[in-house]
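Colleague: I am new to this model. Please walk me through it.

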Amino acid sequence: MRSSARHKRLKLKSEINVVPYIDVMLVLLIIFMVTAPMMNLGVDIQLPQTQAKSLQDKKDPVVVSVDENGQIYLSSQGSKREPVSAEDFKAKITAFQKANPELQVLVAGDERANYGKVYLILPVLQEAGVSKIGLMSQPESGGKHGRP
């Protein structure tokens with residue numbers, strides 16, 4: 001009889017104590033609420049307009065041009081512009097990159113050209129390993145934003 005009385009007093013609880021978990025969650029919530037405003041990555045800024053002169057490089061860059069119809073032209077080190085197909089363009093840029101790892105490429109797209117045709121050049125340059133890519137433009141020619 002004694003053992004049955006002791007057995008009734010030592011019955012195990014089958015409940016989970018969630019109070020510590022709630023405390024931890026509240027602390028984490030407060031930490032995230034305090035740090036979230038500090039993680040503002042996108043800041044709206046207004047860049048100044050300048051009459052800066054172009055940078056002079058010791059080596060002539062490779063210039064990739066896209067005309068109004070989407071035709072790709074390639075000129076390097078002062079040579080004449082020559083039309084190239086997309087496959088030839090990729091092969092030539094890869095060869096230029098292997099010959100000169102510090103290759104600088106300037107992309108000149110006609111403003112009337114389709115943006116997608118100009119953009120197709122960038123992934124090819126990336127695949128070839130070119131890390132110095134610039135976009136060409138005309139200097140301002142009157143008015144605040146270059147428009148008469």
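Modeller: This is a predicted model, where local features need pLDDT of at least 70, side-chain atom pairs count only at pLDDT 80 or more, and totals for chains, interfaces and linings use all residues. Residues are numbered from 1 along each chain as its sequence is written, and side-chain values use heavy atoms, without hydrogens and water.

Colleague: What is the mean pLDDT of the protein chain?

Modeller: pLDDT is the predictor's confidence in each residue, from 0 to 100. In the protein chain, 73% of residues reach 70 or more. The mean is 76.

Colleague: Which element has the highest mean pLDDT?

Modeller: Helices are DSSP runs of H or I, at least four residues, numbered from the N terminus. Helix H1 (residues 2-9) has the lowest mean, 58. The highest, 92, belongs to helix H2 (residues 19-35).

Colleague: How do the axes of H3 and H5 cross, and is H3 parallel or oblique to H5?

Modeller: Axes are lines fitted to C-alpha atoms over the stretch in contact (heavy atoms within 4.5 Å), with angles from 0 to 180 degrees between N-to-C directions. The axes of H3 (residues 86-99) and H5 (residues 121-128) come within 9 Å and cross at roughly 40 degrees. Angles under 35 degrees count as roughly parallel, over 145 as roughly antiparallel, 65 to 115 as roughly perpendicular and the rest as oblique. Therefore H3 is to H5 oblique.

Colleague: Which residues form an aromatic pair?

Modeller: Rings of Phe, Tyr and Trp (its six-membered ring) pair if their centres lie within 6.5 Å; planes under 30 degrees apart count as stacked, over 60 as edge-to-face and the rest as tilted. Here the centres are 6.2 Å apart, with 25 degrees between the planes, so the pair is stacked. The partners are Tyr 115 and Tyr 119.

Terms used: Helix = DSSP H or I, 4+ residues; strand = E, 2+ residues; numbered from the N terminus.
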